[in-house]
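Please open the structure in a viewer and keep the selection tool at hand. The stops below are meant to be taken in order.

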Amino acid sequence: MNSPTSPSSAAPSAAEHRSGFACFVGRPNAGKSTLTNALVGTKVAITSSRPQTTRHTVRGIVHREDAQLVLVDTPGLHKPRTLLGQRLNDVVRTTWAEVDVIGFCLPADQKVGPGDRFIAKELAQVKRTPKVAIVTKTDLADRETLTQQLIAVDQMGKEAGIEWAEIVPVSAVAGEQVDLLADLLAPLLPEGPPLYPEGDLTDEPELVMIAELIREAALEGVRDELPHSIAVVVEEMLPREDRPADRPLLDVHANLFIERSSQKGIVIGPKGQRLKDVGTKARRQIEALLGTPIFLDLHVKVAKDWQRDPKQLRRLGF
């Protein structure tokens, strides 16, 4: 029998803090960005009803008592048709190799398909990283559909040779089981101190976030072929010199690049109304992000076939 002072009877030490990186993968429009925003509690990733809208790897930071979870939001893995598409896929695979846990997002309202099986097969090659299956958009599926999807996801894992650490149904829009997901991801991280200061929600540069907010506004209501043709570069962001200290104004000058002259009219709209609407919507979002009034100056320019041109891709930040 151990004496009261022996090590094995001493009170257990406080639970170790954990910190690390998690990434969400899945085919385009599987709800990865919306889930990232829900977990962080604010908007750090661009969301759109259009597939393939995420181009930059956005890190959202979730602060907890027991853990700090740094979320890496990657583009959707897809069959590339352009040089841009190839580069986005390279970003995904590189990210998988560097994170501590991978969340595979599959929408509850869409049957498991070839695209999902392709990703599962790719994920199976990443041997040591724990993988969590996240069935998203549960608010769009009835109980029977959700049950069938959970069974299908489990089966897909077995067929691909993946042993899921967890299978979790969530609705980021309705806020259902989002906290539970964080509870399940945290223990899969390595022990360690926080990686970012308390209060930091992302390490994405401000200029990149502003460009993404403008691009998100520009994606609303445009034709199907246009989302992949829009790139945004913030050229300048300067405080207005003649303003009093108690009424500051920030001048933001940005260019929207499209691939063909024929697309210009779609983005600008009749009498410039669409571009004006884009500016109004983006300005509100940017002011909320920066906490200061801004004047947003937008121009639409043509960068011919930029998705296929290595020089143009570099210039536009890809």
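What follows is a walk through selections, each with a note on what is there.

The model is predicted, so local features need pLDDT of at least 70 and side-chain atom pairs count only at pLDDT 80 or more, while totals for chains, interfaces and linings use all residues. Residues are numbered from 1 along each chain as its sequence is written, and side-chain values use heavy atoms, with hydrogens and water left out.

**Stop 1: a helix pair**

Select residues 206-219, helix α6, together with residues 273-290, helix α8. Helices here are DSSP runs of H or I with at least four residues, strands are runs of E with at least two, and both are numbered from the N terminus. The axes of α6 and α8 lie 8 Å apart, and the two helices pack at an angle of about 145°. Axes are lines fitted to C-alpha atoms, for helices over the stretch in contact, and angles run from 0 to 180 degrees between N-to-C directions.

Now show the side chains at the contact (heavy atoms within 4.5 Å). On α6 they include Met-209, Ile-210, Leu-213 and Ile-214, and on α8 they include Val-278, Ala-282, Ile-286 and Leu-289. The residues of this contact divide into eleven nonpolar, one polar and four charged. In that count Ala, Val, Leu, Ile, Met, Phe, Trp, Tyr, Cys and Pro are nonpolar, Asp, Glu, Lys and Arg are charged, and the others, Gly among them, are polar.

**Stop 2: salt bridges**

How many salt bridges does a search of the whole structure find? There are eight, each being a side-chain nitrogen of Lys or Arg within 4 Å of a carboxyl oxygen of Asp or Glu.

Select Asp-116 and Arg-27, whose side chains meet in a salt bridge at 2.7 Å, N to O. Asp-116 is in helix α3 and Arg-27 in the loop between β1 (18-25) and α1 (32-40), so this pair ties together parts 89 residues apart in sequence. Both Asp-116 and Arg-27 are buried; buried means under 20% relative accessible area, exposed over 50%, and partly exposed in between (1.4 Å probe, protein chains only).

Move to Asp-251 and Arg-240, another salt bridge at 2.7 Å, N to O. Asp-251 belongs to strand β8 (residues 250-258), and Arg-240, eleven residues away, to the loop between β7 (231-239) and β8. Asp-251 is buried, at 12% relative accessible area, whereas Arg-240 is partly exposed at 30%. Asp-66 is partly exposed at 35% relative accessible area, and Arg-64 is partly exposed at 26%.

**Stop 3**

The side chain of Thr-136 reaches the backbone oxygen of Ala-30 at 2.8 Å. Leaving aside neighbours within four places in sequence, Thr-136 touches Ala-30, Cys-105, Leu-106, Pro-107, Ala-108 and Val-170.

Finish at Lys-127, in the loop between α3 (114-124) and β5 (131-136). Lys-127 is exposed, with 65% relative accessibility. A polar atom of the Lys-127 side chain lies 3.3 Å from the backbone oxygen of Ala-124. The C-alpha atoms of Lys-127 and Ala-97 are 9.7 Å apart, although 30 residues separate them along the chain.

Terms used: Polar contact = N/O pair within 3.5 Å; in protein donor to acceptor, adjacent residues only side chain to side chain.
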